[in-house]
Amino acid sequence: MTLFSAPTKKRTRSEAIFKTHCNLIPGGVNSPVRAFHSVEMTPPLIVVSGSGDTIEDVDGNRYIDYCGSWGAMILGHAHPQVVKGVQERMALGSSFGITTVEEGLLAQKIVKKIPSIEKIRFVSSGTEATMTALRLARGYTGRSKVIKFTGHYHGHSDALLVQAGSGVATLNSTATSKGVHAHIVQDTLCFPFNDFEKIRSFFKTPLSKEVAAIILEPIAGNMGTVLPDRGFLEMLREETTKAGALLIFDEVITGFRVGPKGAQGLYPVDPDLTCFGKIIGGGFPVAAVAGKAKIMDYLAPLGQVYQAGTLSGNPVAMRAGLETLLQLEAPHFYETLQKKTDRLLNPIREAVQVSGGCLQECGSMFSIFFGLSQVKSKEDLVSLNKKRFRELFSYLFDRGIYIPPSSQEAWFVSSAHTDEHLDYTAKSVCSFLSSL
Ligand SMILES: Cc1ncc(COP(=O)(O)O)c(C=O)c1O
């Protein structure tokens, strides 16, 4: 096994396996970003295992992992308690399509932790959670339009695969994907994140009375880490309340990541509905939509908003989520995670600035943007230096460090990251920056 091997990494097995996959699976992957197109690397990583803060590829190369299954693995890989819990539950049968005890236990835990939530419905992916949240908002309000922000990603359901390029609210939103018909996205309105004025003036128009909900990542992760400006979330709360629309926080990334109550614990704003994913599944396919009982009870079988799933609330996945959330309750968990993140970032912060970029962070999620001094919205990313990011990616990859393979994603620190690995990473990033 090679630990943090030198630039000419051997990846012959990866190459062969990827070639086979390409003949069987479109693009060789089951989710596009895994193809590593945006870092121009072939073959992409083909992983065999993970332990703590490292993953190992099929060629025996090890990498310190700052992607952590896109933020899900806050405890690192194969955490002993999660493994034990899952094995115990597996031995009792893994799927019934019938209610099991674990669903109630995980529901209870999450409802207790997040003050804005009274009821929760588990699904299997973040996409399902946001899709259900929208359907629920439309069913509850009897309205059709939804507002989202450019650069915010809410999964791949048709109505949310929209990104208006101009940064102007438009009735002619265009779908990001072929196959999404114009009539499906005509009710999705896009605004630039952190633009107070555009939202305020929109809510003065009669059209605002047709809005069922605003959905957003309260702290954006899918255009890199971008925080809301002071007062922005409060303004959205105020305008939606006045207009009789719902406010939906998509906390699929930020939930239990940026703190024990997610983004809504950091800002004085209670959303009507919250979507979770990633961390609450402890590495298994779990997500959820949650919120006030009077809204949640519109869901079938009590209400007339339909939602269902063969594997929803799967007991093995619920147990993984439970074991994970239990670990987050350890004394000073988030303080320790912050210290680890600072250990990595303190040496890097200034060097990034000197290189003409910026580092944006919230708790253990952060992003480096090259060529920009600040990012407040997707519109700011026009002159992002993607080439420089690609160079950083391959520089780190060659040194056994794996960061998310895209310039507009968040990196994640887990509780499993060791001081030795954090220091090694900081040193490697700094040496890249000083070589510029
Ligand atoms: C904020 C956010 N919402 C929704 C989703 C979709 O989740 P999934 O990939 O589980 O469908 C993601 C995925 O990364 C996400 O980051």
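How many Å apart are the mean positions of the positive and negative charges of the protein? I looked this up first: the mean positions of the 45 positive and 41 negative charges are 2 Å apart. I counted Lys and Arg as positive and Asp and Glu as negative, leaving out His and the chain ends. Each charge was placed at NZ of Lys, CZ of Arg, CG of Asp or CD of Glu.

I note that this is a predicted model, in which local features need pLDDT of at least 70 and side-chain atom pairs count only at pLDDT 80 or more, while totals for chains, interfaces and linings use all residues. Residues are numbered from 1 along each chain as its sequence is written, and side-chain values use heavy atoms, without hydrogens and water.

Next, I turned to the overall form. I found 13 helices and 15 strands, taken as DSSP runs (helices H or I, at least four residues; strands E, at least two) and numbered from the N terminus. The radius of gyration is 21 Å, close to the 22 Å of the globule rule for 436 residues, so the protein is as compact as a globular protein of that length. The radius is taken over C-alpha atoms, and the rule is 2.2 Å times the number of residues to the power 0.38.

Strand β13 (residues 365-369) pairs with β15 over 2 bridges, and M365 stands opposite F412 in β15.

Methods. Two strands pair if DSSP finds at least two bridges between them.
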